[in-house]
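Here's a quick tour of one protein model, written for someone just getting started. Keep the picture open while you read, and look up each residue as it comes along.

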Amino acid sequence: MHPTINHLIQLQELTLIRAEQRAHKQEHRLDELDASITSLTTQLPADIQVLVSRMQKRDTLIIVPMSNGTCTGCGMKLPTSHIQQVRVSNDLQVCPICTRILYYQEGPPRNISRSPTRTEPRKAGIARFSSPQLMNSRLKAATRDDAIREMALQMQVAGFIDDAEKLVNAALQREAMASTALDHGLAFPHVRGVEGGGLTLGLGISAKGIKFDGRDKTLTRIIFFIVIPTAASVFYLKLLAGLAETFSDAEARKLLLAEEEPEKLWKALCKLTKKTIA
Ligand SMILES: [Zn+2]
């Protein structure tokens, strides 16, 4: 593997976190992120810095994992010799179609949900990304890590992902980079690079509230746990903006918090996001 791959993955993650904060209108957090992005960028070798800045002008995603021999950025099936190169070569490898830098990921968690058949009616709004089975109207967890674990397990039990524990580890790594807790008691823990299915969202409600961000005293009560295939990374930002818009409204949050049964929570979520999530 090229020595800068991990560095580039981290840099891209920070750029995406920055875009998430903008989607959430959390402008006060941007300075800190900008400083980290600049510091990581200047640590790169000069030729890679040039390459990165050229790629970033065109695209948010500059580096993507290979999954099942396919580029997760554009879906191109790679030739066998190229797959081998991505796995073993010390040179940077790029996708021949979308020209993004490719890397090999050792055993990431996978989405194993069944994709809808052509004869099934097309779902609309939030129902495209979630289901009543992914609603948890009374989380038992009392800590951030346990809440993430509880929601990841629910996704595994409902048949959406193959390995909850891998997902938990990845979600906690993401929290360590920057907390996903926001104002109004909302949090959006998530994992990118979960391939094999579509973007998938679970919703958990904590009646007591959970301390999600170590630096903040506000308790988190509404948790959206989201797994994102690489290709949906940019779409995810739109979804975030939609959810943030809906739930910046106190009345909307009150309606979610009032539902004690998963089925009713699902109905409330669908109704509330009807206008903000297409
Ligand atoms: Zn590609």
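**Starting in a loop**

Cys95 sits in the loop that links strands E3 and E4. Keep in mind that what you're looking at is a predicted model. From this loop we'll move on to other loops, then to packed helices, and end with the nonpolar cores.

**Cys95 and its surroundings**

- Is Cys95 buried or exposed? Cys95 has 21 C-beta neighbours inside 10 Å, and since 20 or more is the cut-off, Cys95 counts as buried.
- If you skip the neighbours within four places in sequence, Cys95 is in contact with Cys71, Gly73, Cys74, Met76, Arg100 and Leu102.
- Val64 is 31 residues away from Cys95 along the chain, and their C-alpha atoms are separated by 9.2 Å.

**Other loop residues worth a click**

- Thr99 belongs to the loop between strand E3 (93-94) and strand E4 (101-104), and Cys95 is in the loop between E3 and E4 too.
- Thr99 counts as partly exposed, because it has 15 C-beta neighbours inside 10 Å.
- Here's a backbone rule to remember: most residues other than glycine have a negative phi.
- Asn68 isn't a glycine either, and its phi is positive at about 50°.
- You'll find Asn68 in the loop between strand E1 (63-67) and strand E2 (70-71).
- Why is Asn68 called exposed? Asn68 has 11 other C-beta atoms within 10 Å, and the label applies because the cut-off for exposed is 12 or fewer.
- Gly198 lies in the loop between strand E7 (190-192) and E8.
- Gly198 counts as partly exposed, with 19 C-beta neighbours inside 10 Å.
- Leaving out residues up to four places away in sequence, Gly198 touches Phe129 and Pro229.
- Glu165 is 33 residues from Gly198 in sequence, and the two are 20 Å apart in space, C-alpha to C-alpha.

**How the helices pack**

Two packed helices are described by the angle between their axes and the distance between the axes.

*H1 with H7*

- The axes of helix H1 (residues 5-23) and helix H7 (residues 233-247) come within 8 Å and cross at roughly 25°.
- That makes H1 roughly parallel to H7, because angles under 35 degrees get that label.
- H1 passes H7 in a right-handed crossing.
- On the H1 side, Leu16, Ala19, Glu20 and Ala23 make the contact, and they meet Ser233, Leu237, Leu240, Ala241 and Ala244 of H7.
- Sorted by type, the residues of this H1 with H7 contact are 7 nonpolar, 1 polar and 1 charged.

*H1 with H2*

- H1 also packs with helix H2 (residues 30-42), at an angle of about 160° and with the axes 10 Å apart.
- H1 and H2 are therefore roughly antiparallel to each other.
- The crossing of H1 and H2 is left-handed.
- Among the residues making this contact are Leu11, Leu14 and Ile17 of H1, along with Leu33, Ile37 and Leu40 of H2.
- The residues in the contact of H1 with H2 split into 7 nonpolar, 6 polar and 1 charged.

*H5 with H6*

- H5 and H6 pack at an angle of about 140°, and their axes are 9 Å apart.
- The two helices H5 and H6 are therefore oblique to each other.
- H5 passes H6 in a right-handed crossing.
- In H5, the residues Asp145, Ile148, Arg149, Ala152, Leu153, Met155 and Gln156 meet Ala164, Leu167, Val168, Ala171 and Leu172 in H6.
- That contact of H5 with H6 divides into 9 nonpolar, 1 polar and 2 charged residues.

**The nonpolar cores**

- The largest nonpolar core has 49 residues, and Ala152, Leu167, Phe224, Ile226 and Ile228 touch the most other members.
- Several elements each supply at least two residues of this core, including helix H5 (144-157), helix H6 (164-177) and strand E9 (220-228).
- Which strand gives the most to this core? E9 does, with 7 residues.
- Not counting residues up to four places away in sequence, Ile226 touches Phe188, His190, Leu199 and Leu201.
- There's also a second, separate core of 14 residues, which includes Leu8, Leu11, Ile62 and Leu78.

Key:
Residues numbered from 1 in each chain as written. Predicted model: local features only at pLDDT ≥ 70, side-chain atom pairs only at ≥ 80, totals over all residues. Axes fitted to C-alpha atoms, helices over the stretch in contact; angles between N-to-C directions. Helix = DSSP H or I, 4+ residues; strand = E, 2+ residues; numbered from the N terminus. Parallel < 35°, antiparallel > 145°, perpendicular 65-115°, else oblique. Left-handed = near helix turned anticlockwise from the far one by under 90°. Contact = placed C-beta atoms within 7 Å. Nonpolar A, V, L, I, M, F, W, Y, C, P; charged D, E, K, R; others polar. Core = buried A, V, L, I, M, F, W, Y, C linked by C-beta atoms within 7 Å.
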